[in-house]
There are 2 protein chains.
Amino acid sequence: MRIEVICTGDEVLTGKTVNTNFSRLSRRLTELGLPVVRETTVGDDRAELRAAFDAAAGRADAVIVNGGLGPTVDDLSQEVAAEAAGVALGLRPEWLENIRDFYRRRNREMPPNNRKQAMLPEGAELIDNPVGTACGFAVDIGAARFFFTPGVPSELDVMTEQQLIPRLRAMSGIDAVMHLKRFHSFGIGESRADHLLDGIEAMDGQGRVKLGFQSHYPQLETKLAVAAPTTGAAEALLEPIAAEVRARLGNFIVAEDDGTLEGAVLERLRALGGSLSTAEAGSQGGLGARLAAADEEGGVFLRASSGNAAAAVARPLGLPDDASPVELAEGVRRADGATHGLAATVDPGTGEVHVALAGPDGGFERRALLIGGARRARHGGVELALDCLRRSLAGAPVDQKIDFEKA
Amino acid sequence: MRIEVICTGDEVLTGKTVNTNFSRLSRRLTELGLPVVRETTVGDDRAELRAAFDAAAGRADAVIVNGGLGPTVDDLSQEVAAEAAGVALGLRPEWLENIRDFYRRRNREMPPNNRKQAMLPEGAELIDNPVGTACGFAVDIGAARFFFTPGVPSELDVMTEQQLIPRLRAMSGIDAVMHLKRFHSFGIGESRADHLLDGIEAMDGQGRVKLGFQSHYPQLETKLAVAAPTTGAAEALLEPIAAEVRARLGNFIVAEDDGTLEGAVLERLRALGGSLSTAEAGSQGGLGARLAAADEEGGVFLRASSGNAAAAVARPLGLPDDASPVELAEGVRRADGATHGLAATVDPGTGEVHVALAGPDGGFERRALLIGGARRARHGGVELALDCLRRSLAGAPVDQKIDFEKA
């Protein structure tokens, strides 16, 4: 089954809004073995939208259209869908009532322009949107089934799970399972990983395993993809190959599959009954933000103290303005009563990063001069701090050279 | 001139990578009056890539292709470009030497697979990439000029500015200036703003002004676009209409054009000779991160202290575990010697937000129960805290009801 996606809206086409709707939707469908083959973005323009609909109708079995269902005049999806399907637009009283309810529950009057959201192509299948006022719907255009979804991310997500996936699965009738094994590494670039993993695909004599990389600085994701009749068969096929990847990439692997570096650190600390506070300068609070977001179970990550200047972080700890990262790590550990204090100072101008840990059994220091601009220094510095802590907790060397630092 | 963009790569098509390359590129071209009319994403698939090239070649004047120039086997752009242009691939020794230099400067040997990056369609115009090993190039396919750019964001950005823009400008020969006036507001949704601004476009009798919205929670962007012969003419046309927008949206406007809410707050504090530290719980450090990133001139934002639990933030300030936001604001102000202390506690589960300011002339408190899930509570809570501070510094009411809170 060929699935295409069409995104519409001047805000997406002109780049004002980053198209995260498409990435979330496509990721989810790919996971389920319903890969998207092409994505097209057009603006709030009748002729472009119509041309995109007609072209996709001639190629695809299923087309998901995202956006253009809003209440304002530049939202054109219903109108153009009706034109392309060769039918008229008509009011759906049941959806108008839904919109009125939506506002009533918020103790507000429905603004008059929201009425437009209840106008659908005649004969369209209504697709429920339980969290918003935009009405989803499906119509046939040419030989393809078109599914129309709202541009508001939370509304799209609910409709994808509850409405789109069951319909696409029923249409596809595919049995094969797509299995993906992922390794997240820090410290090596794509070229080097590709070189280190030379010959990995050939380990399966039948060519069923595909190796791929995705570089998102400072991490590299290494992926093994396989299609097999069952999940068990896919896992059995991948197991020896995954073991070989682990052996070759070694200490650079920070997590696998849905795991994260910060998650691995927190899990290890939790197992040790530990707790962690951080002090950081120059990294815009990135270290604390990563740990706070990952500590959903709570109680391991205590607090982050961050500023653009190290002196502003040092003073409330009773330390001198020129306190070293070692002193900051020890200071925040003591002030918070944490078992571990992690400090990182980043100079976004020079790329100089200085990391220090204070723990119950002593600590470490690690310095690096990162390659690239300010953004890379900040992201790389935060990553290096987390990775040094991971290595320290795992008994691995914290001073292994990485590809992103000056020799 | 019709400009299209084609993005290639399984990582973008499958949604593993969010397509920020496209949004940055399109935003930049739109600003310069070189709008992109359509964007197409295809995977690392020879047939799909070829079909996308051929279709765009039949419609567009200029096509920018992004991605597929890497050293690995799944990078297909050069090969497919050569096929579509009907020429062979050939080694460009001058670029191979560039790649070798790139590695030499980093004291490393060039991995053998990088040689592939110096293979270009015969007759292609080489487009320099001063920061990476992927070689940009341009070829004609059909009646369109195709520009090939690397998928690494920093490399794309440099090439866009130094290489693409001059070439596209020369091709377009357009004289008219596109002028955009933007207002950033917090607290009102798109429907309400559309309603408040009813009739704004008609203020220009000749229909030259276009009103648009872009909602990115918790902010709403209101845009007035106009095309005029000169920047001065555009500004003169927009001035009375912009004044009317300001009057109608009132205190909800937090910044205009490239200004930001946090930038406005820091600017005002700087003018007062003030300084600011923050204490936050439940917001994953979002308040501190926003202020740190905006305080490029430095010295106004001192420090952020953040944790998932308010108690972890209270303790190092010598406060009891159940300290109120007012006490946290006063505590962090005192500990850091700041003129202003801003505190925010967010309960991502309930949406309850509690903001407090301690300043030289007293302070304020603001409570709200935000609508939506955990992510909205965090983003909305951070925004509310910053907006209350902005309002307080501007002498505007801090307790004006917003659309995102329960009545």
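Visitor: Are helix 10 of chain B and helix 13 of chain B parallel, perpendicular or oblique to each other?
Guide: This is a predicted model. Helix 10 (residues 286-294) of chain B and helix 13 (residues 374-394) of chain B pack at about 55°, with axes 9 Å apart. Angles of 65 to 115 degrees would count as roughly perpendicular, and those under 35 as roughly parallel. The two helices are therefore oblique.

Visitor: In which hand does helix 10 of chain B pass helix 13 of chain B, and what classes of residue make the contact?
Guide: The crossing is right-handed. Helix 10 of chain B brings G286(B), L287(B) and R290(B). Helix 13 of chain B answers with R378(B), H379(B), V382(B), A385(B) and L386(B). By class, this contact has four nonpolar, two polar and two charged residues.

Visitor: Do the copies meet through the same surface or different ones?
Guide: Compare the interface residues of the two chains. Of those in chain B, 99% are also interface residues in chain A. The copies therefore meet through the same surface.

Visitor: Which element gives the largest share of the side of chain B that touches chain A?
Guide: The contact takes 67 residues from chain B and 66 residues from chain A. On the chain B side, 22 are nonpolar, 28 polar and 17 charged. The largest share of that side is eight residues, and these come from helix 2 (residues 20-31) of chain B.

Visitor: In what sense do strand 14 of chain A and strand 14 of chain B pair?
Guide: Both strands span residues 301-307, and three bridges join them. S306(A) stands opposite A304(B) in strand 14 of chain B. The sense of the pairing is antiparallel.

Visitor: Which strands stand at the edges of the open sheet of 10 strands?
Guide: The order is 17(A)-16(A)-15(A)-13(A)-14(A)-14(B)-13(B)-15(B)-16(B)-17(B), with mixed pairing. Each edge strand has a single partner strand, so one side of each is left without a neighbour in the sheet. The edges are strand 17 (362-369) of chain A and strand 17 (362-369) of chain B.

Visitor: By how many degrees are neighbouring strands of this sheet turned against each other on average?
Guide: The average ignores strand direction. Its value is 10°.

Visitor: In strand 14 of chain A, which residue is the bridge partner of L276(A)?
Guide: Strand 13 (residues 276-281) of chain A runs parallel to strand 14 of chain A, with six bridges joining them. L276(A) is bridged to F301(A).

Visitor: Which strand of chain B does helix 10 of chain A touch?
Guide: Helix 10 (residues 286-294) of chain A packs on the sheet. In chain A, the helix touches strand 13, strand 14 and strand 15 (340-347), and its direction makes about 160° with that of strand 14. From chain B, the strand touched is strand 14.

Visitor: Is the peptide bond from Y217(A) to P218(A) cis or trans?
Guide: P218(A) sits in the loop between strand 10 (209-216) and strand 11 (219-228) of chain A. Omega is near 5° for the bond from Y217(A) to P218(A). In chain B, the bond from Y217(B) to P218(B) is cis, with omega near 5°. The bond in chain A is cis.

Visitor: What is the phi of D257(A)?
Guide: D257(A) lies in the loop between strand 12 (253-256) and helix 9 (261-271) of chain A. This residue is not a glycine, yet its phi is positive, at about 55°.

How values were computed:
Residues are numbered from 1 along each chain as its sequence is written. Chains are lettered from A and ligands numbered from 1 in the order in which they are written. This is a predicted model: local features need pLDDT of at least 70, side-chain atom pairs count only at pLDDT 80 or more; totals for chains, interfaces and linings use all residues. Two residues are in contact if their C-beta atoms, placed from the backbone, lie within 7 Å. Axes are lines fitted to C-alpha atoms, for helices over the stretch in contact, and angles run from 0 to 180 degrees between N-to-C directions. Helices (H or I, at least four residues) and strands (E, at least two) are DSSP runs, numbered from the N terminus. Angles under 35 degrees count as roughly parallel, over 145 as roughly antiparallel, 65 to 115 as roughly perpendicular and the rest as oblique. A crossing is left-handed if the near helix is turned anticlockwise from the far one by less than a right angle, and right-handed if clockwise. Ala, Val, Leu, Ile, Met, Phe, Trp, Tyr, Cys and Pro count as nonpolar, Asp, Glu, Lys and Arg as charged, and the others, Gly among them, as polar. Two strands pair if DSSP finds at least two bridges between them.
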